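Please view the sequence and the model together while reading.

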Amino acid sequence: MRSLRLAGLVVVAGVVVVVVFGQQYVGSVFVLALCYGIVTAGMAVQIGFSQQIVFSQCVFMGFGAYGVAMLNTHYGLPSLLATPVVMAASGLAALLLGSVVTRASGLALAVATLMLPLIAVGYVSSAGYLGGSVGAPLTGSLWPGSSTQSIAVGNGLITVAVLGLVVLAASRILSSDIGLELYVLGVDEPTAAAMGVRTPRRRLELFVLGSVFAALGGAVYAGTQLFVPATLASPTAELALLMMLFVGGRRSVLGAVAGAVAIQYLSGASS
Amino acid sequence: MKFGNLVIAGLVTGSIYAVFAVCVSVWYRVSNILNLAVGDFAMLGALGVDDLVRVRNWPLPAAIAVTLVTVAAFGYVYDRVVLRLATEGRSAQEGIVVTFFFTFALSFFIDGVARVLFGTDVHAAPALWSGRSLTVLSSLHVERAGILVLACAVICGSMFWLYISRTLGGKAIQACGENPLGARIAGIDTRRYRRIIFTGTAVLAAVFGIVESPITGYTYLSGATISLTGFIAAAYGGFRQPGRALLAGLAIGITEALLGGYVSAEYGDTVLYAILAALVLAWPRALGFGSAVSG
């Protein structure tokens with residue numbers, strides 16, 4: 001019930017802001033912040049709660065964003081339909097990558113995954129079909145409205161709905177037996193193993209979960225902003241995501257979302 | 001001779017990585033905090049001197065002196081106020097919050113201030129040794145700024161090594177890292193050493209920013225990239241071994257140059273990071289990744 005209340009709170013607050021400010025600059029900053037909030041909610045589970053220190057969320061955020069952009073511009077698929085396709089692809093990619101990197105733990109895992117944004121931004125900046133160092137534009141947004149006002153509000157409401165689902169899923173996981181296992185795994189892995197937790201499997205699941213949430217955030221980002229900058233997958237973007245997580249409170253899903261909103265609002269207000 | 005020129009270029013770049021890696025690992029050894037703002041101090045040094053000389057027409061020595069004093073004062077105050085409160089205050093933080101967050105926040109703060117003060121264009125401090133590149137052994141070319149960087153790296157590395165291995169202060173620093181509580185019981189002022197090293201490495205980074213910036217040029221965002229490379233090289237030294245961090249920095253610099261020259265100028269860095277990631281995953285313990293950053 002607590003998870004439902006939490007998700008409901010996020011949805012109600014989000015809908016109010018989108019409906020009232022959706023057509024203003026503040027509203028666009030808010031929607032952008034919610035895109036990051038989708039990613040940081042996953043990070044709260046992965047890094048904050050379970051202490052799996054990985055720096056690959058921006059890579060999967062870029063994967064999601066570029067995936068939607070490519071499907072939209074090259075294959076004419078609407079952004080809303082491209083999102084589940086990209087989600088499935090990112091889940092598979094995370095499974096393959098995670099089965100390699102999650103064999104390491106602690107510092108080795110942190111440093112190995114720190115290389116991923118460096119590899120990603122190097123590749124993306126040089127790949128012509130992804131728009132090179134400039135980025136990739138989209139032709140269609142998440143909400144295919146007829147006027148800019150309806151598109152802005154429609155995109156905002158879809159983003160709020162996605163964030164609500166992510167908060168619900170993350171909170172349900174944390175309050176379940178799996179959440180308890182993840183907590184023990186984060187505090188002391190040998191103890192978790194001794195208690196019967198299948199630690200390699202849980203580590204892999206955690207990695208996939210965080211990556212898929214990040215890709216979903218990226219997909220929504222692309223569908224609402226209609227442009228994917230190459231810097232989205234850069235180490236600086238990863239640092240910004242970590243900052244959002246830490247500011248809001250790394251062990252709280254709601255705090256992680258609030259951190260994203262606060263940082264993005266301050267960033268938008270100062271630019 | 002292509003190989004020789006690439007190795008020289010790699011040595012210059014590697015010595016920069018090495019110095020930043022040493023800065024990260026020496027301070028981690030004292031404080032158990034990763035300094036993710038070390039590159040931002042380098043950026044402040046380079047852009048600060050450039051601003052004073054180019055925009056305000058100050059003489060170069062005065063600009064360097066004022067910039068270094070400002071960086072030192074800033075580092076001192078940050079340690080005295082923020083880091084002290086964060087690690088020793090009533091609501092002291094621990095684990096990864098302290099390990100990453102406070103210097104990371106500092107990095108963001110410095111970036112924001114630098115954007116306001118210096119703008120977003122690429123700038124560099126004036127070259128301390130200007131002129132055409134030198135030719136060695138008839139076909140090896142070395143930039144004068146590169147020679148300065150190498151010389152600074154050798155001098156600073158030797159001084160650090162001598163200080164750590166031959167002086168009582170160096171022994172105290174080692175004790176702080178091995179067992180902070182034991183060090184305090186033995187009468188070592190761990191706070192003082194933390195402050196000295198933080199301020200000292202900030203000034204050292206600023207010096208390197210001033211010396212190196214004529215080669216690459218800096219923007220207000222350059223600090224994060226430098227810090228990241230220093231962090232990676234320091235990680236290969238397990239964060240606590242400055243000597244290994246120095247070697248890792250040099251190796252990364254040379255490998256980067258060779259990959260850029262022989263494999264692909266475009267994807268050289270990408271291949272380098274893939275190799276580094278593969279090495280970590282293949283031999284974590286042998287490379288010093290036995291320790292963990294825990295929460």
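What percentage of the 295 residues in chain B do buried residues make up?

## Burial and dimensions of chain B

The model described here is predicted. In chain B, buried residues account for 47% of the 295 residues; a residue is taken as buried if 20 or more other C-beta atoms lie within 10 Å of its own.

The overall dimensions of chain B may be considered next. The C-alpha trace of chain B spans about 60 × 50 × 35 Å along its principal axes. Chain B has a radius of gyration of 19 Å, and this agrees with a compact globule, because such a globule with 295 residues would have a value near 19 Å.

Chain B contains 11 helices and 2 strands. Along the sequence, these elements follow the pattern α-α-α-α-β-β-α-α-α-α-α-α-α.

Contacts within the chain can also be described by separation in sequence. Of the contacts in chain B between residues at least 6 apart in sequence, 76% join residues at least 24 apart.

## The interface between chains A and B

Between the two chains, 27 residues of chain A are in contact with 27 residues of chain B. On the side of chain A that touches chain B, the elements giving two or more residues are helix 4 (79–101), helix 5 (106–126) and helix 10 (235–248) of chain A. Helix 5 of chain A gives the most to this side, with 13 residues.

The side of chain A that touches chain B has 19 nonpolar, 7 polar and 1 charged residues.

Note on methods. Residues are numbered from 1 along each chain as its sequence is written. Chains are lettered from A and ligands numbered from 1 in the order in which they are written. This is a predicted model: local features need pLDDT of at least 70, side-chain atom pairs count only at pLDDT 80 or more; totals for chains, interfaces and linings use all residues. Two residues are in contact if their C-beta atoms, placed from the backbone, lie within 7 Å. Helices (H or I, at least four residues) and strands (E, at least two) are DSSP runs, numbered from the N terminus. Ala, Val, Leu, Ile, Met, Phe, Trp, Tyr, Cys and Pro count as nonpolar, Asp, Glu, Lys and Arg as charged, and the others, Gly among them, as polar. The radius of gyration is taken over C-alpha atoms; the globule rule is 2.2 Å times the number of residues to the power 0.38. A residue is buried if 20 or more other C-beta atoms lie within 10 Å of its own, exposed if 12 or fewer, and partly exposed in between; C-beta atoms are placed from the backbone.
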